[in-house]
Amino acid sequence: MGSADIRHIQSELRRVVDAVRSTNPLAPSITNTVTIQFVANAQLAVGGSAAMVYMPDEAEAMARAAHAFYINFGTIEPVYEQTLPRVMTLMHQSRIPFVIDPVGIGTGELRMRLLKAAGNNKPAIVRGNASEIIALAQLWGIGGTQHAVVRGVDTTQSVDEARHAANSIARFTGGAVAVSGPVDYVTDGRIGVRSYGGSEFQRFVTGSGCSLGGVMEVYLTKSNPLIAALAGTNVYNWAAAKAQEQSSGSGSFSVHFVDNLYQATPEDVARVPMDIEAVEGEEIEGDAVG
Amino acid sequence: MGSADIRHIQSELRRVVDAVRSTNPLAPSITNTVTIQFVANAQLAVGGSAAMVYMPDEAEAMARAAHAFYINFGTIEPVYEQTLPRVMTLMHQSRIPFVIDPVGIGTGELRMRLLKAAGNNKPAIVRGNASEIIALAQLWGIGGTQHAVVRGVDTTQSVDEARHAANSIARFTGGAVAVSGPVDYVTDGRIGVRSYGGSEFQRFVTGSGCSLGGVMEVYLTKSNPLIAALAGTNVYNWAAAKAQEQSSGSGSFSVHFVDNLYQATPEDVARVPMDIEAVEGEEIEGDAVG
Amino acid sequence: MGSADIRHIQSELRRVVDAVRSTNPLAPSITNTVTIQFVANAQLAVGGSAAMVYMPDEAEAMARAAHAFYINFGTIEPVYEQTLPRVMTLMHQSRIPFVIDPVGIGTGELRMRLLKAAGNNKPAIVRGNASEIIALAQLWGIGGTQHAVVRGVDTTQSVDEARHAANSIARFTGGAVAVSGPVDYVTDGRIGVRSYGGSEFQRFVTGSGCSLGGVMEVYLTKSNPLIAALAGTNVYNWAAAKAQEQSSGSGSFSVHFVDNLYQATPEDVARVPMDIEAVEGEEIEGDAVG
């Protein structure tokens, strides 16, 4: 994993951002009612086409049509008891890649049951904050002795503390995991990437994480899970860092952030500062970029 | 349909915009969770009062109180199986005019059943993109041999391709149909109006169409279906064209767009460039205005 | 209630605003789908942590974890028939303080049944417009001969007309009541405070009231009901008045308003102009502040 690998990753990032802009891929979701509009607008801003559903047959039809799906567990509603098992089983059997965001993990009998079922169906990308990723590894029985401390929807643990859980989940699913925090961590279980940027304002805007999951789904229609998760992470780090300088509060930050998502070029996404390492081990020399 | 007719339409547009501003009419809705806040804010910005409901008895009470209603089919939820047939039957029997937006047509057994029932209850205004209007005419058995190609919530067909379906629906319901696109088409089955303006940004903002249906409902409380559909179409074309010049992305576009809806005067709405023609036929000479 | 009392109230306002900023308290809600994102963003902007739920066991878990809750009756959904009685009973029995906003009172059998049950469980804060407060006092049998006139979600009565109902409710619950209007009125049944400021734009932005209830809940985690209701009312009056000068329509007003909530200092909140009086009676001399 030398500088050739880094250049390969950057080249893939450019390719997927461009491919999405030029094809406007359909990216359906089941996502929480709090941030559902923000998820859709973020997906549209990067070049995707959003479609949100609740009913079982609609979820199946959309997953088939898009060959991708996003499930955000933020607000569980009764119909999800029918919808989520049906669409997740279909996707596992038909090899349709999907993204999950385990928001709210730790609360609610139905949410926990559905999140457990998600593990059996191997999501291509899992995105969450540090505590959520640690809690999910525990729930799936692959977390070792580590314990999560979730408070409402917020993390109480650092991204570094979640790296082991993230790597374990990625190996378990065969996909990628993205841990959001001050410095984000994205892994496919073989290589791990730290992505830099973002803004303190993001924790004052509801849906900063939820919408990132939706954007990763958009990129997943045109690339493998690692590149999709990294493209989403990078475009968020770039757009948020730029919006921070333009904003005087969390209200204007939201507006500038979406403007920046809309303006982001393939080059902007590829050039976000990253550290890349082999998962088993020690930091590889010379791989800091950006 | 000469220049006297055009002046009459412009005069009616001025009147309805002003009447709404001075009376703040109640305009209740059942609308999708993705864009529900945008629908309400757009209705408020033009001078209406928004009220969204889910339960059957609430829908009936609101339809009676407002003598108008808006049903957007974007996100179907289980309770709609009870609510929509009850409120649509009431409105048909009590001659309460209502607007529908058939978002998502083509997907979902319950949505298709409810959309079919909508036809029996003769909505005063149908608003959609070209593919949705063609698909609805098909579903209602009045579309002839034309076939729709819906992709998620997006159109794959042009407004001109949907003119026949729009005219057929308007004659079937006795109301008006509005087809949204680069150049919008509004008809009551006797005359057809092309309205110019708008912005490329609209397709990057979720709810640009949904909220237009809600604004048409506001105007429908004070005018006939054709004028209400045209007033909504025109105020959107004016506000979006102006917002495009003020914006640097889809985030700021949304903000400026709502500001412009708030600022739009009766004169702004009446002066939007329009072409007016008799439906049976050929373009009438000399009827381009604005 | 002389100037020492006023200084005590201002000191408490400073304390609660600061305490929230430094502890980021969890503030869970059941709230309507129209304005749910705005509620969360307003709660975050003042320093709270938002979490919205629908399911009965999640509501109970969140109320226990946060020792506070907010219930907004704006859009009633079927699952509320299970969720609301369970969480309200728990909170009453466990002395967990909660805020209610009786939006939509007068419409819907289930809403009226749940609002009646809310009275038995004694909410710490009730927030509404004048007509809603008068209607709630009627529903709870403590309104005397006064009659409410609600139109959709809008008031048709003045804040002064609702003072008697507000005082009655506060004495009945042992908590506080906030009546929103051109001049707001907040009372705990013993003293009544008029708070000045705000903006005409607020009635053009959906959720101006709903989000205020959520912000009061945030403050309620760190103070008594009167101070929490007053802190929320004051920060809204300050942020809205400032936003009015910065805005050219209801779209930009929303953005500036959230920026101002984010920027508001303890001193800004304490210094909002207020009149304070003993409830039984006559205006106390010399108590105008700000």
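1. A definition to start with: buried area is the accessible area (1.4 Å probe) that two parts lose on being put together, summed over both. Keep that in mind for the points on chain contacts below. One more thing before we go in: what you're looking at is a predicted model.

2. Let's begin with the sheet in chain A. Nine strands line up as E2-E1-E3-E4-E5-E8-E9-E10-E11, making an open sheet with mixed pairing. At its edges sit strand E2 (49–52) and strand E11 (274–278) of chain A, each of which pairs on one side only. From one strand to the next, the twist averages 20°.

3. Strand E10 (residues 191–195) of chain A is joined to E11(A) by five bridges, and the two run antiparallel. Which residue of E11(A) is the bridge partner of Val193(A)? That would be Ile276(A).

4. Now for helices packed on the chain A sheet. Helix H2 (residues 36–45) of chain A touches strand E1 (26–30), E2 and strand E3 (69–72), and its direction makes about 155° with that of E2(A). Helix H7 (residues 163–173) of chain A also packs on the sheet, touching strand E5 (125–129), strand E8 (176–180), strand E9 (184–187), E10 and E11 of chain A. The direction of H7 makes about 25° with that of E9(A).

5. Chain B has an open sheet of nine strands too, in the order E2-E1-E3-E4-E5-E8-E9-E10-E11 and with mixed pairing. Its edge strands are E2 (49–52) and E11 (274–278) of chain B, and the twist averages 20° from one strand to the next. Within this sheet, three bridges join the antiparallel strands E8 (residues 176–180) and E9 (residues 184–187) of chain B. There, Ala178(B) stands opposite Val186(B).

6. Two helices of chain B are worth a look against that sheet. Helix H7 (residues 163–173) of chain B lies across strand E5 (125–129), E8, E9, strand E10 (191–195) and E11, running at about 25° to E9(B). Helix H9 (residues 225–246) of chain B touches E5, E8, E9, E10 and E11 of chain B, and its direction makes about 165° with that of E9(B).

7. How are chains A and B related? Chain B superposes on chain A by a rotation of 120° with 0.0 Å of shift along the axis, at an RMSD of 0.0 Å. The two copies are therefore related as by a three-fold rotation axis. Which residue of chain B comes closest to the rotation axis? Look for Thr33(B), whose C-alpha lies at 3.8 Å. The copies use different surfaces, with 10% of the contact residues of chain B recurring in chain A.

8. Here is the contact between B and A. It takes 30 residues from chain B and 27 residues from chain A. About 2300 Å² is buried between them, and carbon and sulfur atoms give 58% of that area. On the chain B side, Val34(B), Arg151(B) and Phe204(B) lose the most area to chain A, together 23% of what that side buries.

9. Helices H2 (36–45), H5 (109–120) and H10 (250–263) of chain B are the elements that give two or more residues to the side touching chain A. The largest share, four residues, comes from H10(B).

10. On to chain C. A rotation of 120° with 0.0 Å of shift along its axis superposes chain C on chain A, with RMSD 0.0 Å. In chain C, Thr33(C) has the C-alpha nearest the axis, 3.8 Å from it. Different surfaces are used here as well: 14% of the contact residues of chain C recur in chain A.

11. In the C and A contact, 28 residues of chain C meet 30 residues of chain A, and the buried area is about 2200 Å². Gln37(C), Glu58(C) and Tyr262(C) supply 23% of the area that chain C buries against chain A. Glu58(C) also forms a salt bridge with Arg111(A). The largest share of the chain C side, six residues, comes from H2(C).

Note on methods
Residues are numbered from 1 along each chain as its sequence is written. Chains are lettered from A and ligands numbered from 1 in the order in which they are written. This is a predicted model: local features need pLDDT of at least 70, side-chain atom pairs count only at pLDDT 80 or more; totals for chains, interfaces and linings use all residues. Side-chain values use heavy atoms; hydrogens and water are left out. Two strands pair if DSSP finds at least two bridges between them. Axes are lines fitted to C-alpha atoms, for helices over the stretch in contact, and angles run from 0 to 180 degrees between N-to-C directions. Contact means heavy atoms within 4.5 Å. Copies are superposed by least squares on the C-alpha atoms of residues with pLDDT of at least 70 in both. A salt bridge is a side-chain nitrogen of Lys or Arg within 4 Å of a carboxyl oxygen of Asp or Glu.
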